Amino acid sequence: MADVEMTVNGTVRRATVEPRLTLADFLRLHCELTGTHLGCEHGVCGACTVLVDGDAVRACLVFAVQATGADVTTIEGIASADGELSTVQAAFRDHHAIQCGFCTPGFIMSVTAFLRDHPEPTDGQIAEALSGNLCRCTGYQGILQAVRAAADQKRGHDARTS
Ligand code: FES
Ligand code: FES
């Protein structure tokens with residue numbers, strides 16, 4: 001067993017866990033933050049994406065012990081404290097980028113990190129950024145529009161709808 005301690009959505013979380021426990025299972029089982037979804041559990045689908053020290057990381061590929069000392073943000077920590085949706089969350093809602101919603105937390109986390117690093121993305125950069133997350137429902141058009149709109153919104157422009 002190994003001791004882990006990390007900050008998750010602003011709260012310090014400590015536990016003694018098996019070294020093989022993934023960060024995804026630590027978040028879901030020990031922190032009861034089940035918005036981090038597990039699809040493939042081997043790094044393909046992106047549903048488990050969280051932010052670790054600001055970087056988008058697949059929580060199924062990281063052991064909890066590896067995240068000791070890290071600052072982790074999950075989908076539950078993306079909205080503001082008063083419940084106001086983040087720019088990316090609101091854009092996904094407004095552009096119908098959600099159907100069943102299983103993939104959505106992973107997309108939100110990936111896009112949040114992407115737009116921070118690419119505040120003026122090209123359509124090609126957006127497509128490349130989204131290629132690491134799989135969605136079985138939406139056909140991606142709504143998701144692409146949501147990312148464009150969120151990028152515009154973050155730059156203070158009116159969101160494009162085309
Ligand atoms: S569950 Fe982690 S990438 Fe699919
Ligand atoms: S909305 Fe269902 S998998 Fe993406």
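**View 1. The largest pocket of the predicted model has a volume of about 160 Å³, the space filled by probe spheres set on grid points joined across faces, edges and corners.** A pocket is an open set of points on a 1 Å grid over the protein atoms alone, where a 1.4 Å probe fits, with protein on both sides within 12 Å along at least five of seven lines; lining residues have an atom within 4 Å of a point. Its lining includes Cys45, Cys100, Cys103, Cys135 and Cys137, along with Gly39, Ala47, Phe102, Leu134 and Arg136. The lining divides into 8 nonpolar, 1 polar and 1 charged. Ala, Val, Leu, Ile, Met, Phe, Trp, Tyr, Cys and Pro count as nonpolar, Asp, Glu, Lys and Arg as charged, and the others, Gly among them, as polar.

**View 2. Helix α2 (residues 87-94) and α5 cross at roughly 135°, their axes coming within 8 Å.** The two helices are therefore oblique to each other; angles under 35 degrees count as roughly parallel, over 145 as roughly antiparallel, 65 to 115 as roughly perpendicular and the rest as oblique. From α2, Thr87, Val88, Ala91 and Phe92 make the contact (heavy atoms within 4.5 Å). Among their α5 partners are Ile143, Ala146 and Val147.

**View 3. Helix α4 (residues 123-130) packs on helix α5 (residues 141-154) at about 120°, with axes 11 Å apart.** That angle makes α4 oblique to α5. Asp123, Ile126, Ala127 and Leu130 of α4 meet Ile143, Leu144, Val147 and Arg148 of α5. These residues comprise 6 nonpolar, no polar and 2 charged.

Local features of this predicted model need pLDDT of at least 70, side-chain atom pairs count only at pLDDT 80 or more, and totals for chains, interfaces and linings use all residues. Residues are numbered from 1 along each chain as its sequence is written, chains are lettered from A and ligands numbered from 1 in the order in which they are written, and side-chain values use heavy atoms, leaving out hydrogens and water.

Key: Axes fitted to C-alpha atoms, helices over the stretch in contact; angles between N-to-C directions. Helix = DSSP H or I, 4+ residues; strand = E, 2+ residues; numbered from the N terminus.
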